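Please have the sequence and the 3D view open while reading.

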Amino acid sequence: NSPEFITKYRTGRRQARECSGEADHHEGMSSDDELSPTEVKEFQKSKDNVLEDSRKIFEDVHADFCDIRKILLKFQEWKEKFPGSYCDAYISFCLPKLLNPLIRFQLINWNPLEQNLMGLEEMSWFRAIEEFSGTKNVPERD
């Protein structure tokens with residue numbers, strides 16, 4: 001978004017507030033609460049549609065291939081049984097790309113700004129990756 005667009009947008013919202021007589025807005029404060037009920041309803045409908053569509057993404061996938069913990073268990077078994085080929089396959093470089101769609105699916109409804117929401121470190125996929133990588137009990141460096 002260009003600065004000119006943002007300025008015009010803010011000016012338009014300010015003028016709309018002045019015309020409607022809304023005096024409770026403080027300049028410089030967030031105007032997110034100023035969405036009209038129609039806009040809120042449209043946003044919620046759009047969000048619900050996205051969530052509904054997302055539920056269908058993995059419905060035809062075998063459970064072993066859409067659960068991060070199970071996928072990592074397969075890689076752990078490979079690492080233990082055939083360490084040479086595991087290392088030659090550069091799995092540490094492949095795992096982020098492999099797990100990316102699954103993690104994004106888990107985060108589709110996550111909003112870090114909502115209160116009483118679980119943090120990333122508390123999510124099951126995060127703990128599974130942490131356990132797999134062995135970083136859970138590694139002390140942080142200063």
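Over the ring of which residue does the charged end of Lys 79 sit? The residue is Phe 132, and the charged end of Lys 79 is 5.8 Å from the centre of its ring. The model is predicted, and the mean pLDDT of the protein chain is 80.

**Aromatic pairs**

- Five aromatic pairs are present in the structure.
- One of them joins Phe 75 and Trp 78, with ring centres 6.0 Å apart; the planes meet at 35 degrees, so this pair counts as tilted.
- Helix H3, which spans residues 68-81, holds both Phe 75 and Trp 78. The two are three residues apart, about one turn of the helix.
- Trp 78 also pairs with Tyr 86. Here the centres are 5.5 Å apart and the angle between the planes is 85 degrees, an edge-to-face arrangement.
- Through these ring pairs, Phe 75, Trp 78 and Tyr 86 are linked into a cluster.

**Accessibility within the cluster**

- Phe 75 has 16% relative accessibility and counts as buried, because the cut-off for buried is under 20%.
- Tyr 86 is buried as well, at 10% relative accessibility.
- Trp 78, the residue that pairs with Phe 75 and with Tyr 86, is partly exposed, with a relative accessible area of 28%.

- Asp 64 lies in the loop between helix H2 (37-55) and H3.
- The relative accessible area of Asp 64 is 24%, so this residue is partly exposed.
- Leaving aside residues up to four places away in sequence, Asp 64 touches Lys 70, Ile 71 and Lys 74.
- Asp 64 and Lys 74 are 10 residues apart in sequence, and their C-alpha atoms are 9.1 Å apart in space.

**Cysteines**

- How many disulfides does a search of the whole structure find? The search finds zero.
- Cys 66 is partly exposed, with a relative accessible area of 26%.
- Cys 87 has a relative accessible area of 53% and is exposed.

**Confidence**

- In the protein chain, 80% of the residues reach a pLDDT of 70 or more.

Key: Residues are numbered from 1 along each chain as its sequence is written. This is a predicted model: local features need pLDDT of at least 70, side-chain atom pairs count only at pLDDT 80 or more; totals for chains, interfaces and linings use all residues. Side-chain values use heavy atoms; hydrogens and water are left out. Rings of Phe, Tyr and Trp (its six-membered ring) pair if their centres lie within 6.5 Å; planes under 30 degrees apart count as stacked, over 60 as edge-to-face and the rest as tilted. Helices (H or I, at least four residues) and strands (E, at least two) are DSSP runs, numbered from the N terminus. Buried means under 20% relative accessible area, exposed over 50%, partly exposed in between (1.4 Å probe, protein chains only). A charge sits over a ring if NZ of Lys or CZ of Arg is within 6 Å of the ring centre and within 35 degrees of the ring normal. pLDDT is the predictor's confidence in each residue, from 0 to 100. A disulfide is a pair of cysteine sulfur atoms within 2.5 Å. Contact means heavy atoms within 4.5 Å.
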